[in-house]
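Welcome! Have the sequence and the 3D view open side by side, and let's take a short tour together.

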Amino acid sequence: PHLLLFALLPALLTGDAMTIDTCVAKRVANQCLYLAGPGVIFNGFTAALFLQVYLGWSFKLSLVVGSVLCATDPVAVVALLKELGAAPALTVQIQGESLLNDGTAIVLYTVAYDML
């Protein structure tokens, strides 16, 4: 996991962050925060509860696995929106939410892994 967290993921996130239009990103930042943070945390805990109930795992182990499973990555959606010429605000909102999803999932994974 350390190779992924410290070598590959920063390069991917930086490359995606460099393509975002900052003027539009400032306008949709609150929406991205509202969609990304609570959604990832809710999905992570829901997945952990499911794994705990149906597989009988401990909650801490279930939360580690749930934090890995909860982040969505809409790369295909963003590529399709750019190809179709959708509004820049929508494209940037989905890109920003994707970046914040990844960041929130990394934080949730780190906290859950340290609890384990």
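Let's begin with two helices that cross: H2 passes H3 in a right-handed crossing. Keep in mind as you look around that this is a predicted model.

**How the helices pack**

- The axes of H2 and H3 approach to within 8 Å, and they cross at roughly 130 degrees.
- Another pair to find is helix H4, residues 75-84, and helix H5, residues 88-115, which pack at an angle of about 165 degrees with their axes 10 Å apart. This makes H4 roughly antiparallel to H5, because the cut-off for that label is over 145 degrees.
- As for handedness, H4 passes H5 in a left-handed crossing, while the crossing of H2 and H3 is right-handed.

**A nonpolar patch on the surface**

- Which residues form a nonpolar patch on the surface? They are Leu49, Phe50, Val53, Tyr54, Leu55, Trp57, Leu61, Tyr113 and Leu116, and together they have about 950 Å² of accessible area.
- Helix H2, which spans residues 22-55, supplies the largest share of this patch, with five residues.
- Trp57, one of the patch residues, lies in the loop between H2 and helix H3, which covers residues 59-69.
- Trp57 has a relative accessible area of 32%, so it is partly exposed.

- Is Leu51 buried or exposed? Leu51 lies in helix H2, and it counts as buried because its relative accessibility is 9%, below the 20% cut-off.
- With a relative accessible area of 37%, Asn43 is partly exposed.
- How far apart are the C-alpha atoms of Asn43 and Asp16? They are separated by 23 Å, and the two residues lie 27 positions apart along the chain.

How values were computed
Residues numbered from 1 in each chain as written. Predicted model: local features only at pLDDT ≥ 70, side-chain atom pairs only at ≥ 80, totals over all residues. Heavy atoms only, no water. Patch = residues over 30% accessible without salt bridge, like charges linked within 9 Å, V, L, I, M, F, W, Y side chains within 5 Å. Areas by Shrake-Rupley, 256 points an atom, 1.4 Å probe, with all protein chains shown as cover. Salt bridge = Lys/Arg side-chain N within 4 Å of Asp/Glu carboxyl O. Helix = DSSP H or I, 4+ residues; strand = E, 2+ residues; numbered from the N terminus. Buried < 20%, exposed > 50% of the residue type's maximum accessible area, 1.4 Å probe, protein only. Axes fitted to C-alpha atoms, helices over the stretch in contact; angles between N-to-C directions. Left-handed = near helix turned anticlockwise from the far one by under 90°. Parallel < 35°, antiparallel > 145°, perpendicular 65-115°, else oblique.
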